[in-house]
Number of protein chains: 2
Amino acid sequence: MIKLKTIFSRNYCTSSIKEVLTLNTIGQKVKTKGWVKNVRSMKEHLFADINDGSTGENLQIVCSKSDKERVGFGSSIEIKGVTGLTPKGKLEVITEELKLIGKCPLDGKYPYVARQTFAPEYIRENLHFRSRVSSFNAMIRCRHHLTNIINNYLYNNGFIQVNTPIITGNDCEGAGEIFMVKPESEDLLKSMKRNENEKSEDIFFDHKVFLTVSGQLHLESMAHGLSKVYTFGPTFRAENSKSPIHLSEFYMLELEQSFVTTLDDVIDTLTKMFKTVTNEFLEKSSNEVVIINKSNKEFKLESHFDWVEKEFPVMTFQEAFSLIDKNKDKFTKPPNILAGISKEQEHFLADYCQGPCFVIDWPKDQKSFYMRQKKENPEIVEAFDFIVPRIGEVAGGSVREDEFETLRAKIPNEEALNWYLDLRKYGGVTTGGFGLGFERYLQFLTNITSIKDVIPFPRWPHNCSM
Amino acid sequence: MIKLKTIFSRNYCTSSIKEVLTLNTIGQKVKTKGWVKNVRSMKEHLFADINDGSTGENLQIVCSKSDKERVGFGSSIEIKGVTGLTPKGKLEVITEELKLIGKCPLDGKYPYVARQTFAPEYIRENLHFRSRVSSFNAMIRCRHHLTNIINNYLYNNGFIQVNTPIITGNDCEGAGEIFMVKPESEDLLKSMKRNENEKSEDIFFDHKVFLTVSGQLHLESMAHGLSKVYTFGPTFRAENSKSPIHLSEFYMLELEQSFVTTLDDVIDTLTKMFKTVTNEFLEKSSNEVVIINKSNKEFKLESHFDWVEKEFPVMTFQEAFSLIDKNKDKFTKPPNILAGISKEQEHFLADYCQGPCFVIDWPKDQKSFYMRQKKENPEIVEAFDFIVPRIGEVAGGSVREDEFETLRAKIPNEEALNWYLDLRKYGGVTTGGFGLGFERYLQFLTNITSIKDVIPFPRWPHNCSM
């Protein structure tokens with residue numbers, strides 16, 4: 001129970017609900033605003049909970065019975081009043097003036113009613129009203145904190161943020177799951193056309209362009225002069241998937257550092273970042289994680305994060321596969337080493353390790369052309385998948401091929417990627433890095449099941465509302 | 001001149017060049033890496049300047065004549081050595097071991113040679129080698145610092161970052177200068193097609209989608225529950241412009257706050273942010289700004305930033321236009337009040353004010369549908385342009401129309417924007433905000449002429465390399 005001292009103030013200070021709730025004086029005049037979340041009519045007074053999104057905790061206000069018309073569920077109001085204490089010792093505000101800003105007619109079109117929780121799928125049907133839902137707002141604040149913590153961690157560790165392009169002529173891994181981009185206006189295209197045979201998608205930029213699937217190759221060019229760089233932004237995949245860990249538009253943190261020698265350097269960088277960032281996230285956002293999991297009785301904050309202090313096991317692909325093969329009865333499909341590690345096998349590995357783990361030293365044919373072949377066995381590349389419980393792979397990384405001729409022999413399109421070969425020819429260095437799926441990391445931290453609920457405006461096949 | 005004390009160390013500590021240069025001991029064993037920027041052969045020794053992108057200052061290393069083959073311009077090297085002092089009292093490293101990592105053959109294909117500065121247009125021809133240019137790297141560090149300062153300023157002032165979508169069905173202002181997006185793969189489109197007549201651009205998301213031109217409307221929906229929000233990310237314009245302040249892909253900071261009452265609230269928020277962020281930028285990046293302007297003899301750091309402490313004048317559109325009209329001889333085109341304020345007129349206004357200024361209260365027909373009409377004169381909207389010297393408009397903002405029926409009468413596509421009208425109907429509040437062109441702000445701070453040189457991978461008509 002908090003203790004408050006009484007003060008006598010003259011002016012109303014305008015505060016957010018978060019600020020009001022941290023006051024430790026009663027009799028303090030405050031002016032605040034928010035949306036009505038709940039109203040309870042008692043003998044003499046009306047009690048309402050209001051919230052403005054600045055915090056997960058609602059502020060209780062005490063108002064007069066005559067305010068009834070003006071404090072309806074969902075309405076926006078402004079109040080002036082003085083701070084007081086509830087019988088349970090929490091801060092409340094006894095209103096002196098109450099102004100209705102915008103009423104909320106419960107005409108059947110507004111999707112929510114008081115004192116009821118709704119399924120995420122239902123909340124997702126009205127993207128424009130999601131910010132009225134306390135669990136969604138808690139997620140947004142988690143996302144906000146996590147973004148800020150990551151950026152500051154990298155800033156303080158000498159990594160320079162370099163915005164890699166969204167529109168690019170390079171499709172990176174050539175997987176074909178890309179979106180094509182061209183101007184919408186036929187008039188513009190007509191005015192820019194230089195010959196009759198020019199295709200509309202070649203006109204604006206002189207060649208076909210796509211939405212980025214990875215900024216890694218661009219980052220490598222920047223690392224060849226700035227040493228430690230990263231990019232953190234939207235990435236796109238035109239894939240017909242409705243899985244709970246795939247989106248057409250998602251955020252990826254990609255990091256690249258020069259002068260690395262072994263894969264351990266890259267694993268170290270990721271591990272340190274992952275642990276430090278998670279610990280800071282816990283400090284700033286554990287209240288929010290509790291709000292998100294309020295209706296999940298099995299959720300316990302401590303055990304949810306007990307992996308943070310553990311060492312993350314590192315196993316080779318061969319070791320991982322032996323383990324999978326020994327447990328083949330546990331899977332719906334029989335393990336096939338040529339097909340790599342499936343999603344259910346990833347889950348098994350993380351459960352087996354009771355936390356995040358690395359799978360390293362992959363068969364060359366299962367990974368990208370730019371990964372470095374091992375000197376002692378060129379069939380193996382110095383790459384890792386980073387796997388966590390419930391989600392599976394959240395990050396992948398590698399040392400990049402630094403041998404000009406080896407790279408040249410593997411490169412999918414030498415003409416288009418001539419610049420990438422150039423990096424090895426003129427003052428080349430060995431670089432290494434990883435890409436981390438930001439939404440998957442956030443799912444892992446918050447225990448949110450669907451990736452569609454950890455991004456404000458999810459896009460997936462047949463879904464692009466607003 | 002710095003004073004150094006002598007120490008006797010045993011182990012080589014691996015450091016970035018920035019870290020080496022902040023050492024204050026001589027005799028300190030260090031190991032560091034970088035690219036050779038310059039080599040001078042003296043009687044007994046070779047002197048080389050090396051840099052790794054962590055700082056704008058080069059590190060001088062002293063090596064033996066026998067290292068000549070290994071310290072060529074542009075090469076990447078690793079050195080071990082001990083710290084010493086140059087005759088001018090600067091820190092240097094006397095190398096004990098020097099390892100060539102990647103040589104840089106000066107075969108005519110590498111675009112740079114030692115001791116020469118190159119024009120930005122020339123440097124831009126090889127985007128993948130821009131990170132070898134000290135002025136470009138100084139710009140990247142400026143961009144990095146400015147991004148970090150803005151995000152932390154907003155974090156500390158209670159604004160929540162909300163990533164608005166890149167792919168959207170909404171073209172916001174309906175200006176038509178938009179890019180259309182669809183999957184590249186014909187096979188994917190075929191497999192998802194539901195009827196023969198379906199257009200390829202409607203298949204993946206059920207309707208046409210575009211690259212965002214503004215996240216403002218999305219932000220407004222979030223502000224109606226989270227109160228203070230912002231988005232800071234890539235934005236797109238399919239415009240056939242080669243001007244020094246336009247790009248096809250650029251970054252915009254958009255901010256929205258609820259419970260505003262007048263346009264002054266929005267102007268205050270922008271002014272405070274602009275001044276505080278600029279002051280912090282100056283603290284962290286003035287060295288970089290000096291490097292960028294090294295070859296510009298007229299540039300003086302103090303006078304470049306003397307506007308920061310001034311009050312930013314606020315004038316109405318009418319007042320601004322009278323001023324322009326009185327000075328009509330100064331313009332290449334005669335002023336026309338119906339055409340608004342031209343670029344050269346913006347420059348005139350900022351010069352007249354000797355710094356940034358606001359133009360408020362615009363004719364309704366010259367601004368967007370969502371801006372609030374003044375109660376006392378509905379022909380005028382509560383909007384501003386924020387204009388700075390050399391660049392012109394860097395930001396625009398307004399109070400948003402909060403009257404349901406007034407907005408409905410003006411909305412360009414009521415069916416598609418029904419959700420936007422909903423915001424006024426259910427717990428509506430007055431919101432206001434602005435959009436700030438990040439690259440233009442960076443141009444203003446760094447004195448860089450072309451917007452193509454303040455972004456790592458510029459995209460403009462006929463230009464999308466890498």
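The tour goes from the chain interface to the domains, then to the sheets and a few single residues.

**Before you start**

This is a predicted model, where local features need pLDDT of at least 70, side-chain atom pairs count only at pLDDT 80 or more, and totals for chains, interfaces and linings use all residues. Residues are numbered from 1 along each chain as its sequence is written, chains are lettered from A and ligands numbered from 1 in the order in which they are written, and side-chain values use heavy atoms, with hydrogens and water left out.

**Stop 1: chain A against chain B**

Colour by chain. Contact, meaning heavy atoms within 4.5 Å, links 104 residues of chain A with 104 residues of chain B. The two chains bury about 8,700 Å² between them, and 61% of that is on carbon and sulfur atoms. Buried area here is the accessible area (1.4 Å probe) that two parts lose on being put together, summed over both.

Now select A:Tyr155, A:Tyr426 and A:His462. These residues of chain A lose the most area to chain B, together 9% of what that side buries.

Next, look for polar links. The interface of chain A and chain B has 60 residue pairs in polar contact, both residues at pLDDT 80 or more. A polar contact is a pair of N or O atoms within 3.5 Å; within protein, one must be able to donate a hydrogen and the other to accept it, and residues adjacent in sequence count only if both atoms are side-chain atoms.

Select helix H3 of chain A, residues 134-156. On the side of chain A that touches chain B, helix H3 gives the most, with 12 residues. Helices (H or I, at least four residues) and strands (E, at least two) are DSSP runs, numbered from the N terminus. By class, that side of chain A has 48 nonpolar, 37 polar and 19 charged residues. Ala, Val, Leu, Ile, Met, Phe, Trp, Tyr, Cys and Pro count as nonpolar, Asp, Glu, Lys and Arg as charged, and the others, Gly among them, as polar.

How many salt bridges are there between chain A and chain B? The count is 4. The term needs a side-chain nitrogen of Lys or Arg within 4 Å of a carboxyl oxygen of Asp or Glu. Zoom to B:Glu184 and A:Lys208, which form a salt bridge with the closest N and O atoms 2.8 Å apart.

**Stop 2: strands across the interface**

Select residues 179-183 in both chains. Strand E11 of chain A and strand E11 of chain B run antiparallel, joined by 5 bridges. Two strands pair if DSSP finds at least two bridges between them. A:Phe179 stands opposite B:Pro183.

**Stop 3: two domains of chain A**

About 270 Å² is buried between the two domains, and carbon and sulfur atoms give 45% of it. The rule finds 0 salt bridges there and 1 residue pair in polar contact.

**Stop 4: the sheet in chain A**

Show the strands as a cartoon. Chain A has an open sheet of 8 strands in the order E9-E13-E14-E19-E18-E17-E16-E15, with mixed pairing. Strand E9 (160-161) and strand E15 (314-316) stand at the edges with a single partner strand each, so one side of each has no neighbour in the sheet.

Move to strand E14 (residues 249-258) and strand E19 (residues 431-437) of chain A, which pair in the antiparallel sense over 7 bridges. There, A:Gln257 has A:Gly432 as its bridge partner.

**Stop 5**

The whole structure holds 53 salt bridges over all chains. Pick A:Lys90 and A:Glu57, whose side chains meet in one of 3.6 Å, N to O. A:Lys90 lies in the loop between strands E7 (76-85) and E8 (91-102) of chain A and A:Glu57 in the loop between strands E5 (45-51) and E6 (59-64), so the pair ties together parts 33 residues apart in sequence.

**Stop 5: chain B**

Bring chain B back. Select strand E9 of chain B: 2 bridges join it to strand E13 (residues 228-236), and the two run parallel. B:Gln161 has B:Tyr230 as its bridge partner in E13.

Finish at B:Thr14, in strand E2 (residues 13-14) of chain B. Leaving out residues up to four places away in sequence, B:Thr14 touches B:Glu19, B:Lys31 and B:Lys33.
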